[in-house]
Amino acid sequence: MLASGLWKAAPPRARHSVAVGPGHILHVREYGSPSGLPLVYLHGGPGGTTPPRVAQLVDPAMWRLFTFDQRGCGECASEDALRDNTTGELVADVEAVRRAVGVDRWVVMGSSYGTLLAALYAARHAEHVSGAVIHA
């Protein structure tokens with residue numbers, strides 16, 4: 001850990017593309033240890049993006065972190081940012097990412113609007129959630 005309280009910056013260990021609904025492709029970034037505890041970070045918004053230093057919040061030896069920008073945001077490839085873009089569909093996207101990356105259970109972490117998505121995801125998919133971290 002650096003003096004700033006953050007872990008050393010590192011590029012994503014892997015990248016995944018996940019098609020979700022017509023015209024939306026999520027670009028998932030994976031950080032940390034392949035044998036680490038799975039954790040998905042859900043950013044604020046709507047309209048926000050994953051903060052560039054999110055991967056530095058967690059110990060890369062302990063966690064297998066997944067990040068992605070929601071439909072119509074940041075690196076998400078969308079034909080129409082608002083088409084088929086509701087809270088329910090964003091929650092379903094989290095589940096689509098989980099299946100695509102082959103994780104059975106993970107911790108959901110949300111910030112700002114991401115806390116709502118994390119709470120709704122945990123309520124709807126409790127069998128795939130091992131914990132939740134919500135803030136802001």
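Guide: Buried means under 20% relative accessible area, exposed over 50%, and partly exposed in between, with a 1.4 Å probe and protein chains only. This is a predicted model, in which local features need pLDDT of at least 70 and side-chain atom pairs count only at pLDDT 80 or more, while totals for chains, interfaces and linings use all residues. Residues are numbered from 1 along each chain as its sequence is written, and side-chain values use heavy atoms, leaving out hydrogens and water.

Visitor: Why is Cys 76 called buried?

Guide: Its relative accessibility is 10%, and the limit is under 20%, so Cys 76 counts as buried. Cys 73 is buried too, because its relative accessible area is 4%.

Visitor: What makes a set of residues a nonpolar core?

Guide: Its members are buried Ala, Val, Leu, Ile, Met, Phe, Trp, Tyr and Cys residues joined through side-chain atoms within 4.5 Å. The largest such core has 23 residues, and Val 40, Phe 68 and Trp 106 have the most contacts inside it. A second, separate core of ten residues includes Tyr 31, Leu 39, Val 54 and Leu 65.

Visitor: Which residues does Val 40 touch?

Guide: With contact meaning heavy atoms within 4.5 Å, and residues up to four places away in sequence not counted, Val 40 touches Phe 66, Phe 68, Val 94, Trp 106, Val 107, Val 108 and Met 109.
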